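Work through the exercises below with the structure in view. Each task is followed by a solution in steps.

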Amino acid sequence: MLLEDLEKLKHDIGNEIDKIDYSIRKSLSEIRVKVFGKAGYLTTLSKGMRDLSADERPKVGALINKVRNFLEEKISAKEKDFEQQELLERLEKEKIDITEPSREKIGAAHPISSVLDKLTDICVSMGFSVVEGPEIETDYYNFEALNTPKNHPARDMQDTFFINDNILVRSQTSAVQAREMEVRKPPFKIICPGKTYRNDSDSTHSPVFHQLEGLVIDENISMADLKAMLTILMKRLYGEDTTIRFRPSFFPFTEPSIEVDVSCPNCHGKGCQTCKGTGMLELLGAGIVNPKVLEMSGIDSKKYRGFAFGFGLDRTAMILNSINNIRYFYRNDIRFLNQMK
Amino acid sequence: MKVTYNWLKEMVDIDVSPEELAKKLTSAGMEVEEIIYQNKHLHDVVVGRIIQIEKHPQADRLVVCRVDLGGGKITQILTAATNVFVGAVVPVSLEGADLVNGVKIQKAVMRGVESCGMFCSGEELGIDENYYEGAGVNGILILPSNLKIGQPIEEALMLNDVVYDIGITPNRADCMSVIGIAREVCALLGKELKKINLNYNIDVYSKDTVRNYVNVDVQTENCHRYMASAITDVKIERSPLWLRARLNAVGIKPINTMVDITNYVLIEMGQPLHAFDQKNINGGHIIVRQAKSGESINALNHNTYELEEDNMVIADEKGPMVIAGVIGGMDSCITDETKVAVLESAVFDLKSIRITGRKLGVRTDSSARYEKGVNVANAELGLARALHLVTELGCGRVVRGVIDICNKKNEAREVVGSIKLINDILGVEIPTNEMVRILNNLGIQTKAYGDKLNCKVPPHREDIENDYDLAEEIIRLYGYDVYDNVNYKLFENATITEGHTHPRLSLERKFRNALIERGFFENISYTLVSGKINEMLLLPDEEYKIVRIANPISESISCMRTSLAHSMFQNLNYNLSVGNKDLRIFEFGKAFRAKSLPVQELPYEDNMLAMAVCEDGYDFFDLKGVLESLLSKTSLKYSLVRSKKSFLHLGVSADVMDENGVVVASFGKIHPVVAKNYDIPDNVFYCEVNTQYLADLPEKVYSVAAISKYPIVERDIAVVVDEKITVGEILTSIKSACGNLYYESYLFDIYRNNSLGENKKSLAFKIRLSDMNKTLTDEEVQNVVNKVLKALSYKHGAVLR
């Protein structure tokens with residue numbers, strides 16, 4: 001009798017639990033009370049144990065436990081389910097509009113300093129040290145120590161801003177070379193970045209601009225070393241497939257002097273608007289340091305030789321970022337800088 | 001420097017095309033910047049003869065012309081020109097012609113009559129009266145009747161040359177001439193320079209000599225050579241077409257025989273010449289001397305120049321006739337009436353000419369050559385060539401004898417080079433015979449003995465002095481393409497060196513990254529600014545001595561900036577004016593101050609960081625936070641004091657001061673007057689930091705103290721104090737009252753209300769305490785709080801709220 005009741009209880013309550021869905025989830029606790037409560041079915045049925053014989057007791061006891069476990073598990077499983085669903089429902093409710101803006105603002109570096117940072121890293125990795133010199137310079141360091149005496153025709157190559165007869169605003173970062181050669185003991189490798197000034201203003205020339213000058217002094221330096229070093233520098237700057245080419249030129253402080261053409265990073269040498277169809281861009285001036293310059297700075301030109309190179313950071317930044325107007329750099333319009341993010 | 005293909009061809013047997021020659025010149029360092037084809041707009045234009053003219057049946061202003069084009073070809077052309085006549089020889093542009101003014105010729109029917117082309121005016125062919133007689137008239141260019149009918153107009157007018165515009169580097173003054181470029185062409189093509197015709201006729205039987213016309217005194221060492229010849233029976237006329245064609249091609253206006261000859265020799269030989277009218281040389285006496293102060297001259301460009309002692313002049317007994325090497329004077333120049341001319345061929349010191357040209361602001365074709373250096377040997381060559389042309393053109397009789405005063409020797413020099421050193425410099429092995437061949441082709445007679453190259457350098461190559469110069473000559477003609485496609489190893493033969501970053505630039509990089517993360521945009525501004533900078537920023541001139549440019553482009557960029565604030569405020573103004581808003585900007589750069597005025601030594605250059613913000617809701621404390629975050633990257637120990645910066649609001653600004661009282665940074669709200677000066681809003685916040693000072697500080701070192709195992713306990717207190725009591729003072733008092741239980745304390749609220757009393761404020765602080773050895777009890781905490789309150793009451797009159 002009792003066994004049948006238990007089986008029925010298991011079956012009926014089991015069905016009842018199965019029928020409970022999320023919308024009437026509260027009835028689950030009612031069932032729990034109805035079955036396991038002080039006056040619940042199972043408690044009542046357990047009390048009936050007392051009237052059973054010793055033989056029957058274990059059998060019935062085992063069944064009671066089985067039914068209890070069965071129902072308990074069933075209820076727990078449902079409860080867990082509902083909890084999970086409730087949690088999902090809550091999270092769903094807390095949904096926000098992810099397209100609302102953040103409160104952080106982000107600025108940007110000026111393209112010229114980004115280029116300089118990049119160049120500095122490359123050059124330091126090749127053993128160059130970074131040095132600086134004054135922007136207001138003596139005529140001596142800017143010209144005379146670089147084999148360009150007063151009234152020398154080579155002074156026509158650049159229109160210089162003068163403060164007075166002997167003091168000027170430097171027209172080239174090469175001025176730093178002359179200073180460093182006086183104080184450094186060879187061998188050494190340096191780069192000198194900085195602002196330079198020329199009395200020249202149009203769509204491709206700015207009266208204030210930036211240059212980077214490099215100088216290596218050692219015992220056995222040749223044009224081949226210059227080629228190797230500049231090839232690496234240009235590859236790291238413009239990409240692995242970059243090539244460079246030398247052309248004759250003239251600078252008072254180098255002999256031989258060259259212009260260095262770099263394969264156009266835009267068209268990879270095929271010819272485009274950037275390179276005016278030539279496939280090459282004239283980007284650097286360089287050469288073997290004129291022995292007269294070494295001697296003037298107190299370096300023994302019989303023992304030491306060197307190479308020097310220089311180029312414009314503005315132009316480099318223009319090529320790397322497809323900027324076609326040099327004036328953008330100094331107007332500092334946020335609409336320009338915003339594109340450097 | 002412009003030269004033409006045909007002109008060069010007259011001196012060298014050129015067997016390559018004009019384009020190939022241009023490429024070769026460029027590869028050797030004579031950069032051909034432009035190739036100009038004279039005939040570019042002359043194709044399909046021929047010489048024709050008008051054989052019949054009839055009225056147009058439908059149009060009063062047009063006539064119908066039958067035109068003989070030679071070879072039996074007759075065509076019909078309509079024209080409105082009124083200067084045509086039967087028998088006139090005229091330029092005829094036919095279908096397909098593309099004239100210089102953009103007109104493209106097509107057959108056309110005008111009021112029922114066909115026109116197969118157009119007659120051209122001089123202007124439509126790109127020429128003027130100076131070049132060709134009749135080219136300047138208003139109407140059709142009427143050509144000489146003896147021209148061959150049917151021949152292309154470019155031939156008839158000698159407009160068929162190819163012109164090169166070549167960039168000559170300052171070391172190659174010798175290439176400022178056709179002969180100079182021709183020497184390069186010889187070296188490039190392995191050819192010999194053709195003999196230049198320097199012959200001229202003199203009447204050997206006449207007793208007349210140059211001394212009868214002129215005597216020369218050279219009284220200045222700035223004149224290295226002075227040569228003069230006399231020419232009688234001078235006929236001033238239009239030069240022949242071939243000569244005009246040459247001058248026209250290189251951009252020089254043909255004038256008359258005498259002037260054209262001097263210009264021709266200038267271009268061809270690079271030798272400036274000057275022709276005097278002999279009757280205007282007072283006393284027949286030429287004196288080359290420095291000018292006397294107070295002298296002046298009325299020059300050919302119609303300007304009068306006041307002269308100084310550093311100007312050299314060619315004078316007669318009355319006064320200056322010519323500013324030597326620069327420009328001639330009106331009174332002594334040749335005219336159409338000149339009967340006897342004196343021709344000067346001289347060499348002057350390049351510095352002297354340069355200084356004079358700069359000072360007087362005159363630059364001529366002559367001075368452009370003299371200031372780069374003309375070789376003394378050149379004077380002789382130039383004079384002989386000019387006299388040859390006088391004979392050839394028949395424009396005068398050359399008088400026997402030449403005056404030649406030469407104060408400077410310039411002969412071939414011996415330069416000895418080392419083959420090994422040259423190869424070491426170049427980093428490539430060039431065969432010795434190649435070196436010898438190249439140098440010989442350049443006119444440098446060279447022989448190799450062992451490692452030595454014995455070179456005889458001709459006078460015009462003053463730039464060649466040593467192995468490095470020889471190396472350059474050899475490699476530029478051997479070809480720089482030897483370096484192409486070779487992979488050299490980096491610093492294969494060099495010493496390994498350590499690479500050091502620059503301390504200040506590294507710090508700037510850190511700061512830059514931090515500022516970008518905080519929404520700031522980096523600016524780079526002109527360091528050249530207006531001289532009004534101090535006035536606009538209220539900076540005292542005495543302290544901020546302005547460095548001024550002596551030769552500025554314009555007032556707005558005539559001075560070195562004394563403060564970055566100027567750049568920042570200008571950039572804000574610009575951005576606001578174009579509609580940009582919520583601006584946060586910064587810049588690294590220098591501010592310049594002269595040590596004394598006028599500038600005698602290099603000025604102070606202070607490396608600064610400047611920041612500026614113009615944004616609604618942004619305040620002093622936002623900017624203070626940014627500055628604190630930057631300073632935290634350095635080892636600076638500092639305190640804040642009220643700032644005295646002239647361009648900041650005195651109540652809303654602060655200086656960051658180090659332990660020695662040095663001001664390292666200043667920041668705050670902009671002064672309202674300065675805001676007005678820059679036309680920017682009042683609520684601009686600005687900060688500047690001395691980056692060099694910070695970079696020079698020792699690197700920040702960390703020393704970590706032990707951390708308590710026990711939790712921090714905290715209490716809040718609110719006190720009412722006078723407005724003048726600062727949060728900073730109270731925080732200092734709290735810290736000292738807490739003793740060694742102090743962990744941290746900070747302000748979390750300020751409340752102001754009249755109920756607190758006049759000029760009072762309520763400040764709420766969190767006090768956080770910690771003990772190394774135990775958890776603090778309520779009683780212990782309360783004891784500390786009581787101590788704090790007592791101290792605040794005693795020191796600051798604070799009342800617990």
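The exercises treat the overall form of one chain and then its contact with another.

This is a predicted model, in which local features need pLDDT of at least 70, side-chain atom pairs count only at pLDDT 80 or more, and totals for chains, interfaces and linings use all residues. Residues are numbered from 1 along each chain as its sequence is written, and chains are lettered from A and ligands numbered from 1 in the order in which they are written.

**Exercise 1.** Describe the secondary structure and spread of chain A.

Solution. Start with the elements: chain A has 12 helices and 10 strands (DSSP runs of H or I, at least four residues, and of E, at least two). Next, take the radius of gyration, over C-alpha atoms: 42 Å, well over the 20 Å from the globule rule for 341 residues, so chain A is more spread out than a compact globule. The rule is 2.2 Å times the number of residues to the power 0.38. Finally, the C-alpha trace spans about 130 × 45 × 40 Å along its principal axes.

**Exercise 2.** Locate the domains of chain A.

Solution. The assignment, which is automatic or from a database, gives domain 1 (2–93) and domain 2 (111–340). Their C-alpha centres lie 88 Å apart.

**Exercise 3.** How many residues does each chain bring to the contact between chain A and chain B?

Solution. Chain B brings 79 residues and chain A brings 75, with contact meaning C-beta atoms, placed from the backbone, within 7 Å. On the chain B side, α12(B) gives the most, with 6 residues.

Methods:
Contact = placed C-beta atoms within 7 Å.
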